Amino acid sequence: MSVGPDPSPRPAGSPELFGRLDAWLALARAFARSLAFCGGLLILAAALLVAAEVVLRGAAGASLGGADELSGYAVAIATSFGLPLVLLERSHVRVDTLYRRLPARIVALLDLVALFVLTGFLALLGQRAGLVLADSLAFTARATTPLATPLWIPQGLWLAGFAFHLLIAVPLCLRATLAFLQGDAANVRRLAGTPGPEEQAAREGVGGR
């Protein structure tokens, strides 16, 4: 007895693909935490350098030289280093007064659209950062400061943060899209939505108080 093709609809994607995407996102989260920690250290170092500069100028009328330049590099690099973790932790600021009153399917669609728009915006920033770095390498550009810093160094680190962000954002978009096509609004929210009050309370450790 022959059996014809199964007419029932098949779920979007496959368990193997889901497993690979989830495994990559879990690995990326661990690396993103380390990257964000490095960004925090850069901010701390910049703050200490600026504080030392202020004290030295006030006390001895001298200067370390380059504090403003180095702190500017630190802020730019730390920002791009922190973006991947912000994306994975869904910590972007959103106005969700109306959002929380909409049906789950509409909320999932809005989450997905927001994720794609954010990814596109960061891709544009990364592309522009790449062009800046390419120009600096082509002309062996240096900062017009006493330090004469080779600009490819801070610009390369700056671009690395954007590049890693895209390595997270693209698989995340794919995973969220597959969940949406399956009608799994809860998983879309877990991947791309705003954390609810209960999740925020759990993160802050106030649930057991």
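## Basis of the model

The model is predicted, so local features are given only at a pLDDT of at least 70 and side-chain atom pairs count only at pLDDT 80 or more, while totals for chains, interfaces and linings use all residues. Residues are numbered from 1 along each chain as its sequence is written, and side-chain values use heavy atoms, with hydrogens and water left out.

Helices are DSSP runs (H or I, at least four residues), numbered from the N terminus, and strands would be E runs of at least two.

## Helix α3

Helix α3 covers residues 104-138. At 1.5 Å a residue, its 35 residues should span 51 Å, and the end C-alpha atoms are 51 Å apart, which agrees; the expected span is 1.5 Å times one less than the number of residues.

Among the buried residues of α3 are V107, L112, L122, A129 and L133, where buried means under 20% relative accessible area, exposed means over 50% and partly exposed lies in between, with a 1.4 Å probe and protein chains only. The buried residues of α3 pack against α2 (67-88), α4 and α5.

## Helix α5 and its two partners

The axes of α3 and α5 (residues 185-192) come within 9 Å and cross at roughly 35°, the axes being lines fitted to C-alpha atoms, for helices over the stretch in contact, with angles from 0 to 180 degrees between N-to-C directions. This crossing of α3 and α5 is left-handed, a term used if the near helix is turned anticlockwise from the far one by less than a right angle, and right-handed if clockwise. In the contact (heavy atoms within 4.5 Å), A104, A108, D111 and L115 of α3 meet A185, V188, R189 and A192 of α5. By class, the contact of α3 with α5 has six nonpolar, no polar and two charged residues; Ala, Val, Leu, Ile, Met, Phe, Trp, Tyr, Cys and Pro count as nonpolar, Asp, Glu, Lys and Arg as charged, and the others, Gly among them, as polar.

Helix α4 (residues 152-181) and α5 have axes that come within 8 Å and cross at roughly 160°. The two helices α4 and α5 are therefore roughly antiparallel to each other, given that angles under 35 degrees count as roughly parallel, over 145 as roughly antiparallel, 65 to 115 as roughly perpendicular and the rest as oblique. On the α4 side the contact is made by L172, R175, A176, A179 and F180, and on the α5 side by N187, V188 and L191.

## Helices α2 and α4

The axes of α2 and α4 come within 8 Å and cross at roughly 10°, and the two helices are therefore roughly parallel to each other. Residues of α2 including Y73, I77, F81 and L87 meet residues of α4 including W158, F162, H165 and I168. The residues of this contact divide into 16 nonpolar, three polar and no charged.

## Individual residues

R175, in helix α4, is buried, with a relative accessible area of 6%. Leaving aside its neighbours within four places in sequence, R175 is in contact with F18, L21, D22, N187 and L191.

Positive phi values are found at some residues of the loops. R90, in the loop between α2 and α3, has a phi near 55° although it is a residue other than glycine, and R90 is buried, with a relative accessible area of 8%. A148, in the loop between α3 and α4, has a phi near 50° and is partly exposed, with a relative accessible area of 25%. Just after α3, T140 takes a positive phi of about 45°.
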